[in-house]
Amino acid sequence: MGTIEECDQYVQIERFLGLVGNDAIAGRADRFYFLSDVSLPGGASVINSGYRWGTSFMNSYAGYVINRYANPDITWEQSEKINLGLDMNFMRESLKFILDFYQDRRSRIYMRRENFPATSGLEAPISGNVGEVLSKGFESSLDYTKTFGDLWLSARANFTYATNKFVKLDERNFPDQYLKRLGANINQQWGLIAERLFVDEQEIRNSPKQDFGGYLAGDIKYKDVNGDGIVNSNDRVALGFPQVPEIQYGFGISSAYKMFDFAFFFNGSARVSFFIDATAASSNDRAGIAPFANRRNALQIIGDDYWSETNPNVHAFWPRLSTFPVDNNIQQSSWWLRDGSFLRLKSVELGYSLRKLKRFGIKEGSRFYLSTENPLVFSSFKLWDPEMRDKGLGYPTNRRFNAGIQLTF
Amino acid sequence: MKLFNTTVLAIVLITAISCKKYLDVVPDNTLKVEDIYDTKTQAWNALARAYNFIPRDDDTHLTTWLLGDEWLGRLDYNDNTGNLRGMRIMRGLQSQTSPQLGFWSGTQGGKPLYQGLRQADVFLANIDKVRDMQEGEIKEWKAQVKMLKAYYLFLLVKHYGPVVIPDKMAQPESQPEELFLPRRKVEDCFQYMLTLINEAIPDLTERTDANNAGQIDQIVAKAIKAKILFFRASPFFNGNREYFGDFLDHDGKPFFDLDYKPEKWKEALDAINEAITIAEANGKRLYQYTREPYAYDRDAFTRNGDNMKTLYNLRMLICDPWNEELVWGYSNINYYDQENWLMLPISGFLQVMKAW
């Protein structure tokens, strides 16, 4: 037996078990969460937290506000990690494969306790070490480098899968089981099930009442999931995949042949969903696509495909037009749910090296090149770049084309 | 060597002590609830906090006065007019998940009255700790807060019938079985209020001074008591089989007393007489407009004196601040947001009492 370095191929297995504590469990403002946080607001807050007396209303006190109750039992989070790594090398390290499984059971997570009735009379949200999340996944990568005569080739690929679920949390004791977050991914979203648009007033009268403000023909019709005759937030079900992709992957090749070099790289993500933001745009962070609101124009897709009395298409892209977002239509629902997975050609580069220009004082490493970033994206979502997700009117991902000369003197 | 050991020990000890101190810092200006109940100046804030849960009927957006048919005709308001809560309810837009004017849930313009109840409990548990208050003063404030507790509970019963009485104060570390309490029978709720009121009345001042107008004194307390007993005796709460005959709790017992009890009327009548007596003894009487009418109405007064007089009596009863018919004025008017101002009395109850 020789040493590992001398081996032609080897397999290495690593294993890691650990218990890790984390005391950075809340935001900076919540640093002293074991103490209560009481403030005397003063001034204009009389109406919100205080009272005034007197025939001339001058005997006034602004009261006090409890932002947080003392919680002396708070402790740190604990995370139980198990890692299992597999490291394989073949053909004198020209082919490498790494596979890394992990499991992380994080317990005593400091999070909001939801299961407080209004009758308790507590005025600030209560948090405690009540959460437990089990995360699992694996990371893998594959590298292959080889020289065939004049051709040099390096290919690489990676693939990551990560998922998690709530094992424990303090949530309301919902009578409808589908509202429970227990067992769901922490980034799972809930929303209403949109059936189609209302045909006419007759249909509205004969359907379960929808509890999101006024609605007319051409507005979205939702499913009454629990069948109680009213559509409200109790009819939300887990929709689509989590907001954060569970699968991320990439692959690419770099190669060189004589004076030419060529490289490209793809990346992609899968098992991810997002909701189109149908509210009115007000900033880059709230870049919804509602037409006419805030003096916005309408997107082409809305102009092409909307419900109107003359063309009452109950499956149109956009419901009834309005000059302000209709509350009934901007509820998070399957109407706006889209598959966020995509595969993107991230970069392509083609170069030609200038090795024969030494007499002009130009050294090795000088080259002509053509390159591009984000030239192509493959996705079932076509309206805008899927990586922009919900923010249709946000700042888009750039597509760039470069041609250049690189000279080294 | 011994000296060295002692030195090391001393250093370790000093470090340990100072380290403990070092770690034991509390951020500057940290205010705890106990600090509010330290001096009278701060305790005023606590009293103000307890009063704050009186519903803001003076604000158009939050008032229950819009719960009437006469407002529905405003065609310029569509169903998306979010803040006119009373009108939304009348348009059939009441909501299960976010109730309009929800006094139970504290949603959509409703004051969270259960927070008010807890606030009152916190006040009663801590006010004795104030250093610079006389015993009599503390007693008087306690009586006011007991009255508030009873009044908030009454508002809850008025809106929801059987309600939860959180007699043990909920704490952040309370477990679900301590938090999710059953709704009590309506008669139990009334008894709970009346016990509080009877405890409070002897400790209250008879009439507050002008600077504290709006606080609960004996005149107010007796009027509230009379109103509560009046509601309790009324056919809606007293033996209402028609509405509540099948409104049963988990054990199959009715939430409302289903047997009509005429003695409830007797109790109500006694309380009303008592309230009128004390009010009249303190100069309260039915409102009469005695000043000159406004210039633009003088013409109408000469032509149609009697009717105009009635009109002025009714109008100025609402508009004339702190008039002699006002028993308990809502004094927490919103100086900073006057567009929504209505300035109404909480209870024009004296008139109701005299009317029958």
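Is B:Y51 buried or exposed? I found B:Y51 buried, with a relative accessible area of 0% (buried is under 20%, exposed over 50%, partly exposed in between, with a 1.4 Å probe and protein chains only).

**Basis.** I worked on a predicted model, in which local features need pLDDT of at least 70 and side-chain atom pairs count only at pLDDT 80 or more, while totals for chains, interfaces and linings use all residues. Residues are numbered from 1 along each chain as its sequence is written, chains are lettered from A in the order in which they are written, and side-chain values use heavy atoms, without hydrogens and water.

**Aromatic pairs.** I counted 47 aromatic pairs over all chains (ring centres of Phe, Tyr and Trp, the last by its six-membered ring, within 6.5 Å; planes under 30 degrees apart are stacked, over 60 edge-to-face, the rest tilted).

I next looked up B:Y294 and B:Y312, a tilted pair with 6.2 Å from centre to centre and 50° between the planes. B:Y294 sits in the loop between α11 and α12 (295-303) of chain B and B:Y312 in helix α13 (residues 305-319) of chain B, 18 residues apart. B:Y294 is partly exposed at 37%, whereas B:Y312 is buried at 0%.

**Helices α5 and α6, chain B.** I noted that helix α5 (residues 113-126) of chain B packs with helix α6 (residues 135-160) of chain B at about 160°, their axes 9 Å apart. The two are therefore roughly antiparallel (an angle over 145 degrees). Their crossing is left-handed (the near helix is turned anticlockwise from the far one by less than a right angle). The contact (heavy atoms within 4.5 Å) includes B:L117 and B:F123 of α5(B) and B:W141 and B:Y152 of α6(B). By class, this contact of α5(B) with α6(B) has 12 nonpolar, 1 polar and 4 charged residues.

**Helices α9 and α11, chain B.** I recorded an angle of about 160° between helix α9 (residues 218-233) of chain B and helix α11 (residues 263-281) of chain B, with axes 8 Å apart. This crossing of α9(B) and α11(B) is left-handed. Among the contact residues are B:F230 of α9(B) and B:W265 of α11(B). B:F230 and B:W265 also belong to one aromatic cluster, which includes B:F154 and B:Y243.

Technical notes
Axes fitted to C-alpha atoms, helices over the stretch in contact; angles between N-to-C directions. Helix = DSSP H or I, 4+ residues; strand = E, 2+ residues; numbered from the N terminus. Parallel < 35°, antiparallel > 145°, perpendicular 65-115°, else oblique. Nonpolar A, V, L, I, M, F, W, Y, C, P; charged D, E, K, R; others polar.
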